[in-house]
Amino acid sequence: MNWYEIENIDEVDSPSIALYKDRLLYNIDKMIGMVNGDMWRLMPHVKTNKMPEVIKKMISSGIKNFKASTISEAEIAAVAGADSVLVAHQLVGPKIDRFLSLITTFPQTNFLTIIDNIGSAKLLQQNAFTKNLRIDFFIDINNGMNRSGIELGKDLDELIESIPAYEHLQFKGLHVYDGHLRDNDSQLRKDKIEEGLKEINILFDILKKNTTDIRLICGGTPSFTTHLLQKDRLCSPGTCLLWDWGYSEKLVEQEFKYAAVLVSRVISKPKKNIITLDLGHKSLAAENPIHHRVKFLNLKNYELLSQSEEHGVVKVDNWDSIAVGDVVYGIPYHICPTINLHDDVSVVVNNRKITQWDIIARKRKISV
């Protein structure tokens with residue numbers, strides 16, 4: 001039996017996601033081993049898994065600090081027992097009050113956030129003052145991805161100079177996400193990552209002279225193997241816990257295992273050499289080109305032709321040997337948004353579904 005096949009598959013509906021517990025635990029141990037067991041250096045991102053049970057597995061392995069993108073993700077990490085959670089998404093609108101509610105609702109967890117402009121700093125200071133709270137924050141640096149953060153230069157200097165005026169804000173360091181650097185060649189990727197950090201390292205060293213209790217949080221899964229080489233950097237891998245087809249192609253030096261698999265079934269054979277699966281873009285992330293959305297594990301010589309909301313149309317060579325109802329297993333190209341399309345996962349141990357875990361943080365709001 002192949003590792004991904006499920007003996008009691010009749011108990012698994014489709015389309016859905018199966019999570020293989022032994023492979024998840026392998027990936028957690030692998031991540032820890034890559035930093036030589038130094039848990040202080042790990043701040044895994046929970047946006048990939050969004051599941052309290054997965055976070056609990058990391059905590060039981062000794063990982064206590066996490067990164068999140070949403071208030072809901074931060075909340076489930078706190079409920080699971082996290083020591084600290086960085087909401088790495090600049091707070092705007094009602095999220096500011098929700099973040100402050102996290103602080104008061106879960107006092108056992110230290111919540112942090114990011115800032116990349118003086119206006120946001122002033123607004124956080126004002127709200128924290130009103131509720132007599134302190135907010136720990138990192139300055140978010142843009143070193144080339146151009147998605148968020150502040151570039152090195154005058155505006156950043158002014159932001160840093162303004163910090164002492166914010167009595168209810170506590171500066172904790174610099175946050176740098178270099179997700180745009182994904183070269184297949186690991187050495188080329190490493191060279192680009194280090195080049196992008198040269199001036200930031202200089203700035204960080206200067207800041208440490210005046211504020212010793214600051215940290216440098218860097219990257220995600222693509223740059224994990226670079227940042228782990230520098231002991232003063234905190235690493236924030238996330239996708240590596242579940243792994244996917246996309247990163248397995250690009251990050252060949254990272255030896256993680258597929259831990260999440262899409263379960264689908266053949267629902268029609270509308271034409272010779274054409275089968276239709278119950279795998280539409282409501283259950284599989286569709287941000288990539290059609291040929292780069294899923295890798296089927298038990299089909300050969302196939303081509304995903306199209307997807308609609310509930311259907312996936314596939315061209316196959318062995319049409320005669322495929323029957324309506326047959327199960328097809330697949331690895332998504334991008335697991336993070338795919339997970340967000342599902343309510344739960346079937347947990348598989350020794351090729352059998354034993355339970356299910358809820359993907360709670362796909363909800364935008366839980367209680368806070």
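Colleague: Which residue in the turn of the E15 and E16 hairpin has a positive phi?

Modeller: This is a predicted model, where local features need pLDDT of at least 70, side-chain atom pairs count only at pLDDT 80 or more, and totals for chains, interfaces and linings use all residues. Residues are numbered from 1 along each chain as its sequence is written, and side-chain values use heavy atoms, with hydrogens and water left out. Two residues separate E15 from E16; helices (H or I, at least four residues) and strands (E, at least two) are DSSP runs numbered from the N terminus. In that turn, the residue with a phi of about 50° is Asn350.

Colleague: How many bridges pair E15 with E16?

Modeller: Strands count as paired if DSSP finds at least two bridges between them. E15 covers residues 344-349, and E16 covers residues 352-358. Val345 has Trp357 of E16 as its bridge partner. The pairing is antiparallel, and its bridge count is six.

Colleague: Which peptide bond is cis, and what is its omega?

Modeller: Most peptide bonds are trans. Here the cis bond runs from Ser14 to Pro15. Pro15 lies in the segment before E1. Omega of the bond is near -5°.

Colleague: What is phi of Lys50, and is Lys50 buried or exposed?

Modeller: Lys50 sits in the loop between H1 (21-34) and H2 (52-60). Its phi is positive, near 55°. Buried means under 20% relative accessible area, exposed over 50%, and partly exposed in between (1.4 Å probe, protein chains only). At 7% relative accessibility, Lys50 is buried.

Colleague: Where is Trp243, and what is its phi?

Modeller: Trp243 belongs to the loop between strand E8 (233-235) and H9. Trp243 is buried, because its relative accessibility is 2%. Most residues other than glycine have a negative phi. Trp243 has a positive one, near 65°.

Colleague: How many salt bridges does the structure hold?

Modeller: A salt bridge here needs a side-chain nitrogen of Lys or Arg within 4 Å of a carboxyl oxygen of Asp or Glu. Lys282, Glu309 and Glu310 are linked in a network of such bridges. The count for the structure is 15.

Colleague: Which parts does the salt bridge of Arg189 with Glu253 tie together, and how far apart are they in sequence?

Modeller: The closest N and O atoms of Arg189 and Glu253 are 2.7 Å apart. Arg189 lies in H7 (residues 186-210) and Glu253 in the loop between H9 (245-250) and E9 (260-271), so the pair ties these parts together. Arg189 is buried at 1% relative accessibility, while Glu253 is partly exposed at 27%. The separation in sequence is 64 residues.

Colleague: In the salt bridge of Arg134 and Asp136, which residue is buried?

Modeller: The two side chains meet at 3.0 Å, N to O. Arg134 is partly exposed, with a relative accessible area of 48%. At 2%, the buried residue is Asp136.

Colleague: With which residue does Lys192 form a salt bridge?

Modeller: Lys192 is partly exposed, with a relative accessible area of 37%. The closest N and O atoms of the bridge are 3.1 Å apart. The residue at the other end is Asp183.

Colleague: Why is E4 largely enclosed by the rest of the structure, and which residue of E4 is the bridge partner of Leu86?

Modeller: E4 (residues 110-115) is largely enclosed because five of its six residues are buried. E3 (residues 84-87) pairs with E4 in the parallel sense over four bridges. The bridge partner of Leu86 is Leu112.

Colleague: What separates the C-alpha atoms of Ile59 and Ile139?

Modeller: Ile59 is found in H2. Ile59 counts as buried, at 14% relative accessibility. Ile59 and Ile139 are 80 residues apart along the chain, and their C-alpha separation is 26 Å.
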